[in-house]
Amino acid sequence: GNYPLKMRKNRKYLYIIVASLFLFSCTGEKAPHIEGMVFIPSGRFIMGSEDVDAAGLGKDVGSRGGAFYQNERPVRNIFLPGFYIDKYEVTNEQYKLFAYAAGHPLPPSWDWEKGVYPDKKGNHPVNNVTWFDAMAYCKWAGRRLPTEEEWEKAARGPYGNRYPWGKEYDEKKANLTTGDTVPVGSYETDKSFYGVYDMGGNLMEWVDAWYEPYPGGSKMKNEDFGKQFRILRGGVGNFKGHYLSLVRLFARSSYRNFYWPDQGGNDGGFRCAMSTAFAKQKGGSC
């Protein structure tokens with residue numbers, strides 16, 4: 001038309017930008033809001049660690065795997081599609097609603113006396129739950145357990161943060177040394193890049209993964225790999241005594257713990273996840 005060449009070029013670029021924004025908004029990244037969950041957008045992230053247990057800390061505390069860090073190799077740059085993850089760990093109150101509604105067994109009586117969770121701990125994360133308990137809860141809630149990759153991405157963000165809050169360790173940023181759980185979301189500083197709370201402290205969390213070597217990794221001497229243990233992720237606030245010196249290691253977002261799936265402990269809880277496609281089926285739209 002009569003537009004000067006420069007204006008025609010600018011208009012062309014404007015069309016490209018608008019078209020790109022339209023396409024981007026309809027590829028799953030414009031995700032519907034899901035109450036209590038955080039959307040983690042598609043993209044790449046750094047998984048794993050190159051740290052070396054030069055001091056032999058693993059043997060010092062009797063770790064079944066021997067040296068620390070070895071099961072976190074090799075470091076990989078991984079692409080994940082978008083997904084949702086619970087903003088907070090599942091609480092005692094939430095778990096009680098599930099157990100009564102679904103007829104599912106409550107945590108052990110020595111913890112929940114006469115079927116009642118400990119006094120004033122309704123908003124604390126539920127513990128003493130098995131991997132199977134966690135799976136059952138997430139299914140009942142219309143969700144699922146996160147994969148190991150999803151959990152680590154939600155904790156580390158797109159820049160490979162060592163801890164959910166950043167690169168440097170600070171025991172005051174999370175529930176790491178209190179010797180007990182605290183209400184979920186108590187530590188505003190224990191929040192990941194994406195806004196997910198308590199991934200550095202409070203409780204370790206079950207994920208949907210067997211304890212196996214990473215792709216390209218090697219089996220370590222005396223390691224308990226194989227489809228017998230399930231993975232737990234995250235730091236924990238109820239360590240005491242000798243183990244307090246290791247809290248900085250357990251709080252790292254790449255740390256992998258593992259346990260028998262049919263057993264629980266007072267240091268283990270969980271949160272749920274959901275795929276973007278499933279979220280849209282629940283009523284969201286592009």
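Which residues are buried in helix α4 (residues 131-140)? They are W131, D133, A134, Y137 and C138, where buried means under 20% relative accessible area, exposed over 50% and partly exposed in between (1.4 Å probe, protein chains only). This is a predicted model, in which local features need pLDDT of at least 70, side-chain atom pairs count only at pLDDT 80 or more, and totals for chains, interfaces and linings use all residues. Residues are numbered from 1 along each chain as its sequence is written, and side-chain values use heavy atoms, with hydrogens and water left out.

**The chain as a whole**
- The protein chain has 7 helices and 9 strands; helices (H or I, at least four residues) and strands (E, at least two) are DSSP runs, numbered from the N terminus.
- Of the 286 residues in the protein chain, 49% are buried.
- Take the contacts (heavy atoms within 4.5 Å) between residues at least 6 apart in sequence: 77% of them join residues at least 24 apart.

**Helix α4 and its surroundings**
- The buried residues of α4 fall within an arc of 160° when you look down the helix axis, so they line one face of the helix; the arc is that of the directions from the helix axis to the C-beta atoms.
- These buried residues pack against α3 (92-102), β5 (204-210) and β6 (230-233).
- At the start of α4, the backbone nitrogen of F132 has a side-chain oxygen of T130 within 3.3 Å.
- After α4 comes G142, which has a positive phi, near 75°.

- R233 sits in strand β6 and is buried, with a relative accessible area of 0%.
- The side chain of R233 makes polar contacts with the side chains of E148 (3.2 Å) and Y214 (3.0 Å); a polar contact is a pair of N or O atoms within 3.5 Å, where within protein one must be able to donate a hydrogen and the other to accept it, and residues adjacent in sequence count only if both atoms are side-chain atoms.
- P108 belongs to the loop between α3 and α4 and is partly exposed, at 27% relative accessible area.
- P108 and N128 are 20 residues apart in sequence, and their C-alpha atoms are 7.2 Å apart in space.
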